[in-house]
Amino acid sequence: MEMIQSFRINHDVLMPGIYVSRIDGDITTYDLRTRRPNMGDYMDLVTMHSVEHMIATYIRNSDLGPDVIYFGPMGCQTGFYLLVRNADNMRVFETLKDCLKKTIEHEGDVFGKSAAECGNYKCLDIEAAKVECRRYLDALEAVGTPDFMYKE
């Protein structure tokens, strides 16, 4: 059986950042790595879920919104996937940073925090989202201009 693309990346050397995971026609999958894999420092469910609600809402309401296919957490709890149609890497990067900033500055509760809007609405915390988004934004700004390629 053929190994899937994401298993072909050496996770032991990945650092927080933004990477192009794959390109399928006009759809680009971004690996938004918020934490180093396999280091024992993983996002908890509340954090992943809260960031998902916030960034998914902000990015779908950005200029990039019509081209966003998907935003959601990685099962390994070290980041998120973002799928974008007709992606321009730097536009995605700048929009992502803007969405992180908006989450950090957000007044009020997590978007979609009601039983009618979410299947696990009690598992949401705006402060957890803000802390994770600040952590990731700091990591992205430390990198500067990304080259979007995995490094071995």
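Let me start with Tyr58, which has a relative accessibility of 17% and, because buried means under 20%, counts as buried. Please keep in mind that what you see is a predicted model.

The aromatic pairs come to 4 in number. In one of them, the ring centres of Tyr58 and Phe111 are 5.1 Å apart and the planes stand at 75 degrees, so this pair is edge-to-face. Since Tyr58 belongs to helix α1 and Phe111 to the loop between α2 and α3, the pair ties together parts that are 53 residues apart in sequence. Phe111 itself is partly exposed, at a relative accessible area of 26%.

A further pair is formed by Phe93 and Phe148, with ring centres 6.3 Å apart and planes at 90 degrees, so it too is edge-to-face. Here Phe93 sits in helix α2 and Phe148 in the segment after α3, so parts 55 residues apart in sequence are tied together. Phe93 is buried, at 2% relative accessibility, and Phe148 is buried as well, at 5%. Ring pairs link these two residues and Tyr30 into a cluster.

Turning now to α3, where does its start show a contact between a side-chain oxygen and a backbone nitrogen? At that start, a side-chain oxygen of Asp125 comes within 2.9 Å of the backbone nitrogen of Glu127. The buried residues of α3 include Ile126, Cys133, Tyr136 and Leu140, and among the elements that cover its buried residues are β1, β2, α1 and α2. After α3 comes Gly144, which has a positive phi, near 80 degrees.

Notes:
Residues are numbered from 1 along each chain as its sequence is written. This is a predicted model: local features need pLDDT of at least 70, side-chain atom pairs count only at pLDDT 80 or more; totals for chains, interfaces and linings use all residues. Side-chain values use heavy atoms; hydrogens and water are left out. Buried means under 20% relative accessible area, exposed over 50%, partly exposed in between (1.4 Å probe, protein chains only). Helices (H or I, at least four residues) and strands (E, at least two) are DSSP runs, numbered from the N terminus. Contact means heavy atoms within 4.5 Å. A polar contact is a pair of N or O atoms within 3.5 Å; within protein, one must be able to donate a hydrogen and the other to accept it, and residues adjacent in sequence count only if both atoms are side-chain atoms. Rings of Phe, Tyr and Trp (its six-membered ring) pair if their centres lie within 6.5 Å; planes under 30 degrees apart count as stacked, over 60 as edge-to-face and the rest as tilted.
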